Structure formats: structure tokens, C-alpha cells
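Please open the structure in a viewer and keep the selection tool at hand.

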Amino acid sequence: PPFTGVPPVTSVESSHWSPSLSAALYKEIDLLKIVKKVSDPKSSGGLGLQLPLIVRLPDVLKNRLESLQSAFEFAIQSQDYESHYQGVYPVKCNQDRFVVEDIVKFGSPFRFGLEAGSKPELLLAMSCLCKGNSESLLVCNGFKDAEYISLALVARKLALNTVIVLEQEEEIDLVIELSRKLSIRPVIGVRAKLRTKHSGHFGSTSGEKGKFGLTTTQILRVVKKLEQVGMLDCLQLLHFHIGSQIPTTALLADGVSEAAQIYCELVRLGAQMRVLDIGGGLGIDYDGSKSSDSEISISYGLEEYALAVVRAIRFVCERRSVKHPVICSESGRAIVSHHSVLIFEAVSASTYETPGMSALGLQYFVEGLSEEARSDYRNLSAAAINGDSDTCLFYADQLKQRCIDQFKEGSLDIEQLAAVDGFCEFVWKVIGVSDPTRTYHVNLSVFTSIPDFWGIGQLFPIIPIHRLDQRPAVRGILSDLTCDSDGKIDKFIGGESSLALHELEGKYYLGMFLGGAYEEALGGVHNLFGGPSVVRVSQSDGPHSFAVTRAVQGPSCADVLRVMQHEPELMFEALKHRAEECGSEDDGMANAALASSLAHSFHSMPYLVGSSCCLTAMSN
Ligand code: PLP
């Protein structure tokens, strides 16, 4: 990045920082015990919840918030910075009511607020912040219409510390008009389109041609307009966001310095500036590499991040003799990613067996072949005797293709085609080119629960959560329940194309970690698979060191049908009527049983259930 004059952060400086004290008090919680407790209806206190399952750990959420706060407090103290840090959580990262309520509760002692980017997000943020600290910021970002702006003004009237951040220049006219109409004095922020550009996947929002924010010329026009209407004192916050997962503190300091210069210019032009909001971008280390070369990692920790920010702002403000602003950040990924674990079950796996073939079977198979295919077979056998594996491979591939062609023409029967498949598989295995990777079928929808893998190829750590004392003996990819070829996970952390797994014997649970941000919010209902069940688990002094404090079964088939405008109640009535028409007294299944089975289907989750559950449901 270009020279900004801000000295870089050294690891020695940040090494004096100690993370939140509560981290030292954490105990281990066995995820498998949680799964057993909440999924098994027969275990003591068992809830019979269906998988997939999201396990939320509010203690982890609390720790992330406190660690971020204490990193900034340390940086502020060590840099003699003359103001404070006051973050907000962008609710779009995970709008779940209990996640947002927890953040407001845990962050209340240090005025932690919320950021909204749409009308419903603003409504939920307003209602959650009513129970929080009145000094917490409510930052209103996103494209706005008159309704959004009116709602944000109403929020101010409700004594919520609301800032309307202009995302487009035209919004200023609406803010001026509506604030006059409603007689509510607004606090206004402006989102700057910085020149600093973040190069990674998430950097397309930054730079002069970025999608969001106001250019320098537009900011100047807004200042003029506010001055003309006597509202320049309302302009109090400068915001920017150069994208998620900022790879280095050097790039961060560059962006923050540019924003700090704009901030100082706005002070010079007469705005009553108070807050510099540096947006999101605080990254997390998904692959454990701690390297800025990896798109899913970063080369700094919380403490280095905070030091780089505080230092860059202080440096610019000192030079411009400007009072230090309140520092606000909108970290989402770094706050909520760690607190939830997605747990799902592998229900079956493709087998990898060496097909055997009797002498009779072989003869039958060879006799049915065309002259060319038989010649391939002879050449293959000769190459095998000479130990020439390249030639073996060539003829095996050619033989297989010829047999497929013969089958399509109708001159090879299905048993012979199966025999050639088995024979070629055998040859590939013997010469060592067979791919032993298995496909594990998992009771999950990638589109619903890991949409960033499908959409942008983002990798998340995935590992089995049990049998961890046994060495995994096979490698596998994960294939989901949807009838879509993209519904599979075949790329893993560390550049691996398969995952180390155990042989499938009975129940086999896997966990996906660090997916607490964005994944739930972005997931769709492809194939009408709804969201997972959710449990909230806190540490406790009980025998398992945890307590389940909330448990919610995932959406039912009826719930997801409703999302697509179907009316499950009417559908049920129509199908029940049909059952009455079709049923007769001597049917194995009486009408009442048919209706109850139909009702059960509407109420059950779209995911697979164990066969015993199905039978219980039918007999009920
Ligand atoms: N603020 C704004 C305006 C954003 O667009 C985003 C996400 O892209 C965030 C905050 C959250 O960013 P992150 O999850 O990287 O912290």
C-alpha cells in the first residue's frame, strides 16, 4: 500500500494485550454428548430433536465481544488515544433473534450497538436495542427510501442513538424533507467511497468504482446542502467499509488513514464530527494458516487489528489537530462465526469393493464382446502379464467405452455391462489408478446450511465429532440430500479434495465450524429443505459441564411449503379427502391411519429421519 506515514504495528507492542479474562474460565464441552442429549428421545431429558443441528454457544459469543472490546481498550490506553471504542454488530451476519439479543445483552456494559441494512433489520435492531444501553449506536446503512428514513427518524424519537448513514447522495434530500416534516433532528453519517482497494474476493465493494458510498465530489455536495439548510451540525459520523476479510493490517491502516483524512476535512468544513465508523472487515482464520496469502485467512489477531486502527486515526488527527473521534467498527464475521457449530450425520457411504469374477462369468462376458473389444481385452491381458500399467490403463478405458457403445446399440446385455464395469474397476485397482475416495451421503443441504461453499467456494473446517480416538481409515467427499450436482463438498481446508473419515459403522456425526456468520442468513430452500434444528448450550457446573437452555426443532415440511405460497392446511384437507375416496374397509391401512400419516408428513422436518422414527410415526 502507498505510504501513509503511520508506523506499522509490531508484534511486541501487541503482545502485552491479554484477552478477555472470562476466556480463562472456559471448560471443555463434548459436542457428541450434546448431540446425544438433544437428539435421543430416550436419554434422560432427551428432546428427540432431528438433525441437522446448530449448536449455539453463547459463552463463545460473549468471549468474542469482550475480546474485541478489550483489544480496543488496550490499544486506546497504550496509544494515549483520547476517546473510546464503541462497536456495532451488523445484524445481516446472523439475524437470529437470540443471537442479536445475546449481543445486545453481553455488549450493554460497553455500549455495543447494532447496524441495520434494511427496513426489517432496522425494526429488529430497534426492538432489541430498547432492552440495551441507551448510548449504544444504531447505525442505519443500506439503500434507503422514504419509509426507511422515516423509521430511522422514529427510532431517534424513541431515544435510540440512531445515525442515518447516507449510502447514496439522493438520500440527503429525503432526510432533510422528512426530518422537517416529522420535526425530528437527525444525526447523519456519510459512507465514503475510499480510494483504498482491498484485493481479495470481498474487495469488490471498495475502490473508486466500488458499489457503495459517496465519492469525494458527492460528499462535498452533501456538506453544501446541509450547510444551506442549517443542518451541517447533524453530520456527525463518517463511515467506510472496504470489504470483508481484510488480509493485512497494512491495508487496514491505509484505508483507516484515508478515512481519517476525510474525517478531518469534514471537521474543517464545519460538520460536528464525533464518530469514525471503520465498517467490517476484521477477518478470521478459517484454515489456521495465519497467512494473508490465503483468501480464508488473515495475518493478524484482534489486538494487532485494534492497534492498527487506533494508531492510524491518532496519527492523522494529531497532525491535523483534530479531536480524536469515537471509534466504531461493524465487525460481523469476527463476532459471530465462532459461536455456532453445524452438526450433521453421514447416513450412507459409497462402497469400494474389488469386484470378483468367476471363470464362467469372464468367459460369458468375453464371448459377448465385439471383435474390436475382444482385441482390447487380449491386449490388456498381455500388458498385464508384462506389468505395463500405462498400456493396461489405455486398453481398459478403450474396452469400457466400446462396451458402453455396444450396450447403447443393444448388442450387450445389462449383466455384461455390469461385468465390464467390475472388470475395469478390478484392473484399475490392481495397477493402482483407482480412486479410493468414497462419497459420504450427509443428511444436510449445502444450499441451506453452507451456501458460501456453493456460491463463492468458501471453505470451512469440517471434522467428525466422534471416534476421535480412532485413526480415520478412509477418505471421502460429502454429498448432500438435494438432487443437485452442486450439492456436495469436495474441497476442504488445506487444499484437500477429500476428508479423512472413519468407516461408516452406525451413527456418524460431523461438525462444520466457524459458520456462525452469513451461512444461516444466506441459506435458501433448494429442494425445500428448511433450516436445521437449533440448540443453545451454556457451560454449567452439572455433570456434563453444559446445560441446554433452548431447543427448537427446525422448520417442518408445512413451514417450508408456506414459504413458497402453498397452503399446507388446504393441501392436507384435499389429500385427506382423496384418501377417503380411495380407501376401503378391507385396505391394510384404514382411512384414519392414512390421514394421520399424511398429517405427520406435513409436521415432520424435510430431512431424513432414522427408520425407527418413521415407523413410530406411522404407528402413531
Ligand atoms: N458493514 C457493512 C457495511 C458491510 O457491508 C459488512 C459486510 O460486508 C459488514 C459491516 C460486516 O463485515 P464483516 O463480516 O467482514 O465484519
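Predicted model: local features only at pLDDT ≥ 70, side-chain atom pairs only at ≥ 80, totals over all residues.

Leu528 is found in the loop that runs between helix 18 (519-522) and strand 17 (533-539). Is this residue, Leu528, buried, exposed or partly exposed? Leu528 counts as partly exposed, because 17 C-beta neighbours lie inside 10 Å, whereas burial would require 20 or more. The backbone here also deserves attention: phi of Leu528 is near 55 degrees, a positive value in a residue other than glycine. Most residues other than glycine have a negative phi.

Next, select Arg111, in the loop between helix 4 and strand 3. Phi of Arg111 is likewise positive, near 55 degrees. Arg111 counts as buried, because 20 C-beta neighbours lie inside 10 Å.

A further backbone feature is found at Leu51 and Pro52, which are joined by a cis peptide bond with omega of about 0 degrees. Pro52 belongs to the loop between helix 2 (31-39) and strand 1 (53-56). Most peptide bonds are trans.

**The annotated lysine**

Now select Lys92. The unreviewed UniProt entry places the feature "modified residue: N6-(pyridoxal phosphate)lysine" at this residue, Lys92. Lys92 sits in the loop between strand 2 (88-90) and helix 4 (97-107). Which residues are in contact with Lys92, leaving aside its neighbours within four places in sequence? They are Gly117, Glu121 and Ala521. Lys92 is buried, since 20 other C-beta atoms lie within 10 Å.

Eight strands form an open sheet in the order 2-3-4-5-6-7-8-9, with parallel pairing. Its edge strands are strand 2 and strand 9 (326-328), each of which pairs on one side only. From one strand to the next, the twist averages 25 degrees.

Within this sheet, select strand 3 (residues 113-116) and strand 4 (residues 137-140), which pair in the parallel sense over three bridges. Glu115 has Val139 of strand 4 as its bridge partner.

Move on to strand 5 (residues 161-166), which runs parallel to strand 6 and is joined to strand 6 by three bridges. Ile164 stands opposite Ile188 in strand 6. In a regular strand the side chains alternate between the two faces of the sheet. Which residues of strand 6 (residues 188-191) point one way, and which the other way? Ile188 and Val190 point one way, Gly189 and Arg191 the other way, and all are buried.

**A pair of helices**

Select helix 5 (residues 119-129) together with helix 6 (residues 146-157). Their axes are 10 Å apart and the packing angle is about 10 degrees; the two helices, helix 5 and helix 6, are therefore roughly parallel to each other. Helix 5 contributes Lys119, Leu122 and Met126 to the contact, and helix 6 contributes Glu147, Tyr148, Leu151, Ala152 and Ala155. The residues in this contact of helix 5 with helix 6 comprise six nonpolar, no polar and two charged.

**The final stop**

Finish at Ser497, in the loop between strand 14 (488-489) and strand 15 (499-501). Ser497 is exposed, because 11 other C-beta atoms lie within 10 Å. Apart from neighbours within four places in sequence, Ser497 is in contact with Asp490 and Lys491. A C-alpha to C-alpha distance drawn from Ser497 to Leu31 spans 26 Å, for residues that are 466 residues apart in sequence.

Conventions. Residues numbered from 1 in each chain as written. UniProt positions renumbered as here; feature names shortened; annotations may be inferred. Helix = DSSP H or I, 4+ residues; strand = E, 2+ residues; numbered from the N terminus. Buried ≥ 20, exposed ≤ 12 C-beta atoms within 10 Å, placed from the backbone. Contact = placed C-beta atoms within 7 Å. Axes fitted to C-alpha atoms, helices over the stretch in contact; angles between N-to-C directions. Parallel < 35°, antiparallel > 145°, perpendicular 65-115°, else oblique. Nonpolar A, V, L, I, M, F, W, Y, C, P; charged D, E, K, R; others polar. Pairing = 2+ DSSP bridges.
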